[in-house]
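Here are my notes on this model, as numbered points. Please read them with the structure open.

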Amino acid sequence: MQLLRGHVREEAPLKKPKKIRYRKDHDFGPPPPASTFPPYEPRDFFRFEVLHQSTKSRARVGRIHTPHGIIDTPGFVPVGTNAALKGVSQREADAAGVQLMFANSYHLLLQPGPEIIAGAGGLHKYMNRTRPLITDSGGFQVFSLAYGSVHEELTMKGKGRNHGKYREGPSTVAKISEDGVDFKSYRDGRKVTLTPESSVQAQKAYGADIIIPFDELPPYHITPEKLAASVKRTHRWEARSLREHLKDVRQQAMYGVLHGGVDYDLRRESIEYISSLPFDGHAIGGSIGKTREEMFALLEFMLPQLPVSKPIHLLGIADEPSLHGCVPMGIDTFDSCYPTRAGRHGTVFSKTLGRIQITRGKFATHHGPIDETCGCPACREHSIAYIHHLFKAHEPTGMMLATLHNLYYMTSLMESFRQDILANKI
């Protein structure tokens, strides 16, 4: 298993990137000191409150107030890559208890584009969502173009019926400089430049409640020298992002992203610098280990050093074993595309049966629900056998029901965490 910006990979480890080309890195000096920024002042439109601090661990129950509603913490944040949860409407997501939803700036930048979204009145109106949204900077996708989950996602989209071979789209070579990143669109091959300033401007057009500064995502196996240079560059980029954000806040909160790979000294340096700037919250990003145990050890090192007055988000991690380890550490929100992606591929979560692959033959005659304790439409209205049949018949309804069930499962799981924290069981 490898954890990169939180994507849990239980198959082969990531290959070394071959397509990303780094321009010669010059010494651009340290990032601007905190004294060059205004002091942080509480927002009237964004507020985090801790309702209960566990007496057993650092786990806490909290509430994030945003212009589009409340986010109860600890909370799960599903990822709608293209501003949509595949096969799930906004009304269904609301019914499942989804409070905060993630959308990917990189994909929206290429299609339909910030101008169209802004013309519609922002993402909330464009996608008819009334609850909170968070967008990322696009950095994760840009730096994953040549390897990892984004490369796989794009090549899977090009999979044809010609003997199962993948057809890759236009070149996605990334060129990195101090200014930002140049890359080619996987949709039409046009050249796109993404900088800290343009990333923030795009997120201003989207109008999400929480936005992320532009950062660099080096792979786990980067050399110590390149990792140190990457952290310094990321700090300079995040400072530029924050300055651009503060020019026109627009009732949006910005979370500073903490980097440093699995180098504890660099992680400490990142915590000290990013937490000194007037960000509204903090997000843990970058490569956080090859194994779950390595991730837990890194987070145990980091979390006691973070301010307790601001929300903490773990980028890209929300598989159940990780949640059981991370919630007691005091992390407030977790995003991941895994639960919905798993549902689309026939993997569903059940309190009574565990994690099951519903396409397996033994489920063809299982006439009970996925989960007897679940109130989702899949469990209330259909049997495992019927959903198994839908998958075998390649009916999209099967994927929709499985995805919706997993959303219910995840929001119910987070509610159980909150109840256990309130009871000081965690």
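1. First, the terms for the helix pairing. Contact means heavy atoms within 4.5 Å. Helices (H or I, at least four residues) and strands (E, at least two) are DSSP runs, numbered from the N terminus. The model is predicted: local features need pLDDT of at least 70, side-chain atom pairs count only at pLDDT 80 or more, and totals for chains, interfaces and linings use all residues. Residues are numbered from 1 along each chain as its sequence is written, and side-chain values use heavy atoms, with hydrogens and water left out.

2. Which residues bring helix 8 and helix 9 together? From helix 8 come Leu227, Ala228, Val231, Lys232, His235, Glu238 and Ala239. They meet Leu266, Glu269, Ser270, Tyr273 and Ile274 of helix 9. By class, this contact has seven nonpolar, two polar and three charged residues. Here Ala, Val, Leu, Ile, Met, Phe, Trp, Tyr, Cys and Pro count as nonpolar, Asp, Glu, Lys and Arg as charged, and the others, Gly among them, as polar.

3. Now the geometry. The axes of helix 8 and helix 9 come within 11 Å and cross at roughly 10°. That makes helix 8 roughly parallel to helix 9. Axes are lines fitted to C-alpha atoms, for helices over the stretch in contact, and angles run from 0 to 180 degrees between N-to-C directions. Angles under 35 degrees count as roughly parallel, over 145 as roughly antiparallel, 65 to 115 as roughly perpendicular and the rest as oblique.

4. Helix 9 covers residues 264–274, and its buried residues are Leu266, Arg267, Ser270, Ile271, Tyr273 and Ile274. Buried means under 20% relative accessible area, exposed over 50%, partly exposed in between (1.4 Å probe, protein chains only). The cover over these residues includes helix 8 (224–247), strand 14 (253–258), strand 15 (281–284), strand 16 (287–289) and helix 10 (292–302). At the start of helix 9, the backbone nitrogen of Asp265 has a side-chain oxygen of Asp263 within 3.0 Å.

5. UniProt, in an unreviewed entry, places "active site" at Asp136 and Asp335. Asp136 sits in the loop between strand 9 (133–135) and helix 5 (139–143). Asp136 is buried, at 5% relative accessible area. Beyond four places in sequence, its contacts include Phe102, Asn104, Tyr106 and Gln203.

6. Asp335 belongs to strand 18 (residues 333–336). With 6% relative accessibility, Asp335 also counts as buried. Beyond four places in sequence, Asp335 touches Val77, Phe102 and Leu315, among others. Its side chain makes a polar contact with the side chain of His313, at 2.6 Å. A polar contact is a pair of N or O atoms within 3.5 Å; within protein, one must be able to donate a hydrogen and the other to accept it, and residues adjacent in sequence count only if both atoms are side-chain atoms.

7. The unreviewed UniProt entry also lists Cys374, Cys376, Cys379 and His405 under "binding site". No two of their C-alpha atoms are more than 8.2 Å apart, although they span 32 residues in sequence, so they gather at one spot. Cys374 is in the loop between strand 20 (354–357) and helix 13 (377–381). Cys374 is buried at 15% relative accessibility, and Cys376 at 0%.

Note on methods:
UniProt positions are given in the numbering used here, feature names are shortened, and annotations may be inferred rather than shown by experiment.
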